[in-house]
Amino acid sequence: MTTPGAFRVASWSLTAYRRFWRLNLLSSLVQPMLYLLGLGVGVGSLVDRNVGSGDVLGSVSYVAFVAPGLLITTAMALGAGESMWPVMGGLTWQRGYHGIAATELEARDIVLGHATWMAVRCGIAAAAVALALACFGETRSWGLIPGVLVAILVGLSFAMPIMAFSIGVKLDGAFAGVQRFLIIPLFLFGGAFYPLTQLPTLVQWIAKFFPLWHGVVVARDFSLGTVDWPGVAGHLAYISVWIAAGIWVATVRLRGKLYP
Amino acid sequence: MRVWRRNYSGRATRRKYYRPSMTEPLIVAENLRKRFGEFTAVDGIDVQVQKGEAFGFLGPNGAGKSSTMRMIACVSPVTSGHLRVFGLDPATHGAAIRRRIGVVPQLDTLDVELSVQENLWLYGRFFDLPRAEAKRRAAELLEFAQLTERAKSVVETLSGGMKRRLSIARSLINEPELLLLDEPTTGLDPQARHVLWDRLYRLKQQGVTLVLTTHYMDEAEQLCDRLVVMDQGKIVAEGSPRSLIEQYATREVLELRFAADGNEAAFPKLEGIGDRQELLPDRVLVYADDGEHALAEAHRRGLEPESALVRRASLEDVFLLLTGRSLVD
Ligand SMILES: Nc1ncnc2c1ncn2[C@@H]1O[C@H](COP(=O)(O)OP(=O)(O)OP(=O)(O)O)[C@@H](O)[C@H]1O
Ligand SMILES: [Mg+2]
């Protein structure tokens, strides 16, 4: 019986991760706590006192509204970040991908291995956030468990297309651009911290184009217990299209790079 | 041609399943070409490597050695021509071929953030070796590469030569039948090179077929049973090191160095001495079967070199005579 190539590649990342997992996990726990305190106590007290906010937020406290947003944006940031420099390094600096390509494995195994590893990492980070959220009465909910799974999908929906992008990047300055012009704007305007309806229509459409908002909506449905199943299926399908397209393009581009 | 068994098998099973016929070479290339856009890196070469042989590609920078090696290693598609490795077509059986070969690329692909032994274990995992087997082989290979004391060191902290030895050790983790080494000893000190030559010789004794590229003449002479000299994508000569020297060079070479700028002035005066003369930036070479005799003749003509050296002809000379250029820049 043979181990799937993707798992063999992922075990390489796992070995590297074992060197810094403690610190990594700690920050995954502490960061959402800080957000919760800052947004919940600060912004939340302002928002919740505002007459009419309940209509916009769907009759829940601000902290409860924001919690799933934290879960999903954490996965987005991780999936995106880990698919930039590490991918470029595998091709150009350390050239680990070339090492793998010289074995019986090939580009597809590397891409699927990266996806496997990103699923694990996003799962760990989202679980840590969920754990932090479960510490507070207002954000505690069984819906956090499916929320972690949604976070994994959203993480992948950023990781795989960004991997495809990173494979062709010549200068790593491009990554700062992705962070500044894609990830941070989505973080701020992607519907994680307030409903999209607060934004101009054009911005809403742009936000809806990217998978983040779809994930936030589904995760929020789960944690607030207002699940609309056909809607959930539609959102998840849309997110999956991003993942599949990312995997496909990344494989084709990586093949071109590894086997010139 | 038998299709290779998909799952990993050790040496013993290999013998049972794979019986190479004496007539079928391990590598066959006919009119092999590699083009990058408009540029032709490998321009129609014919090569055959027999099982158990040590075969060398020799040539200057940009000759197309690495491009050829990468096609054989199935990490670079053939542009045109015919290529078979173990009788299989790299275009359709790339993974099956790569499973049976070891590759030491020109540039290391080690994970410098991991330890020496982790690099070996993980590479074994890529070939789907069971964990215990990967560890067993890694321990053996660390001995082989004399890196046992550094097993737990992070690769980043190794010297260049140690990294190279680790790359070579790693390429052996799948017990390859064919080992491809692209400039294996570049950057190694002389002692480390000799150790490596010894290791490669042992592998050859065990029946591993070696294919290597090198800039070093002494390396080619030491290691290769047969070699080709490449220049600008073409093969310009082929044979054993000895036969090439006999065919293209004289028995001895007289090296003359003249004081500042004197080389060019002296060169015309050497006309007619020995078989042939070559002017290099730093010295003048006279190819003659009797170097001492040639030197005496030069002195008789009133030439006073700063230094004079008579040595045996080497592959370096073969290369120089074939291409008119020095091999090592
Ligand atoms: N991926 C590539 N894209 C474009 N050109 C390439 C590529 N790889 C190699 N070349 C070109 O092909 C030619 C042959 O390169 P190759 O690496 O095979 O030479 P080499 O004999 O190994 O030289 P060296 O001794 O410097 O390693 C060079 O001119 C090089 O610029
Ligand atoms: Mg080369």
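Trainee: What is the relative accessible area of N31(B), and how is that value to be read?

Mentor: A residue is buried under 20% relative accessible area, exposed over 50% and partly exposed in between, with a 1.4 Å probe and protein chains only. N31(B) has 39% and is therefore partly exposed. Please note that this is a predicted model, in which local features need pLDDT of at least 70, side-chain atom pairs count only at pLDDT 80 or more, and totals for chains, interfaces and linings use all residues, while side-chain values use heavy atoms, without hydrogens or water. Residues are numbered from 1 along each chain as its sequence is written, chains are lettered from A and ligands numbered from 1 in the order in which they are written.

Trainee: Where does N31(B) lie, and what is its phi?

Mentor: Helices (H or I, at least four residues) and strands (E, at least two) are DSSP runs, numbered from the N terminus. N31(B) belongs to strand β1 (residues 27-36) of chain B, and its phi is positive, about 50°, although the residue is not a glycine. In chain A, R95(A) also has a positive phi, near 65°, without being glycine. R95(A) sits in the loop between α5 (85-93) and α6 (96-101) of chain A.

Trainee: How many helices and strands does chain B have, and how much of chain B is buried?

Mentor: Chain B comes to twelve helices and 13 strands. Of its 329 residues, 54% are buried. Along the principal axes, the C-alpha atoms of chain B fill a box of roughly 75 × 45 × 40 Å.

Trainee: How far apart in space are R257(B) and V284(B)?

Mentor: One compares the separation in sequence with the distance between C-alpha atoms. R257(B) and V284(B) are 27 residues apart in sequence, and their C-alpha atoms are 6.4 Å apart in space. R257(B) lies in strand β10 (residues 252-257) of chain B and is partly exposed at 33%. A second pair is R283(B) and G262(B), 21 residues apart along the chain, with 9.2 Å between C-alpha atoms. R283(B) is in the loop between β11 (276-279) and β12 (284-288) of chain B and counts as buried at 16% relative accessibility.

Trainee: Which element holds L295(B), and is L295(B) buried or exposed?

Mentor: L295(B) is part of helix α11 (residues 291-300) of chain B. Its relative accessibility is 14%, so L295(B) counts as buried. From L295(B) to V310(B), 15 residues along the chain, the C-alpha separation is 8.4 Å.

Trainee: Which residues are closest to ligand 1?

Mentor: A residue is near a molecule if one of its heavy atoms lies within 4 Å of it. Ligand 1 is surrounded by 14 residues, the closest being N61(B), G62(B), K65(B), S66(B) and S67(B). For K65(B), a polar side-chain atom is 2.7 Å from an oxygen atom of ligand 1. For S66(B), a side-chain N or O atom is also 2.7 Å from a ligand 1 oxygen, and for S67(B) the corresponding distance from a polar side-chain atom is 2.6 Å. A polar contact, for such cases, is a pair of N or O atoms within 3.5 Å.

Trainee: Which elements give two or more residues to the shell around ligand 1?

Mentor: They are β2 (39-49) and α2 of chain B. The largest share, three residues, comes from α2(B).

Trainee: Which are the protein donors of the magnesium ion (ligand 2)?

Mentor: Donors are N, O and S atoms within 2.8 Å of the metal (3.2 Å for Na, K and Ca); water is not among the atoms, so sites may look incomplete. Here the protein donors are S66(B), through OG, and Q106(B), through OE1, at 1.9 to 2.2 Å from the ion. S66(B) lies in helix α2 (residues 65-72) and Q106(B) in the loop between β5 (101-104) and α4 (116-126), both of chain B, so the pair ties together parts that are 40 residues apart in sequence. Q106(B) is partly exposed, at 38% relative accessibility.

Trainee: Where in chain A is confidence lowest?

Mentor: The predictor's confidence in each residue is its pLDDT, from 0 to 100. In chain A it is lowest in helix α3 (residues 53-57), at a mean of 75, and highest in helix α8 (residues 144-167), at 98. The average for chain A is 92, and 100% of the residues score at least 70.

Methods. Polar contact = N/O pair within 3.5 Å; in protein donor to acceptor, adjacent residues only side chain to side chain.
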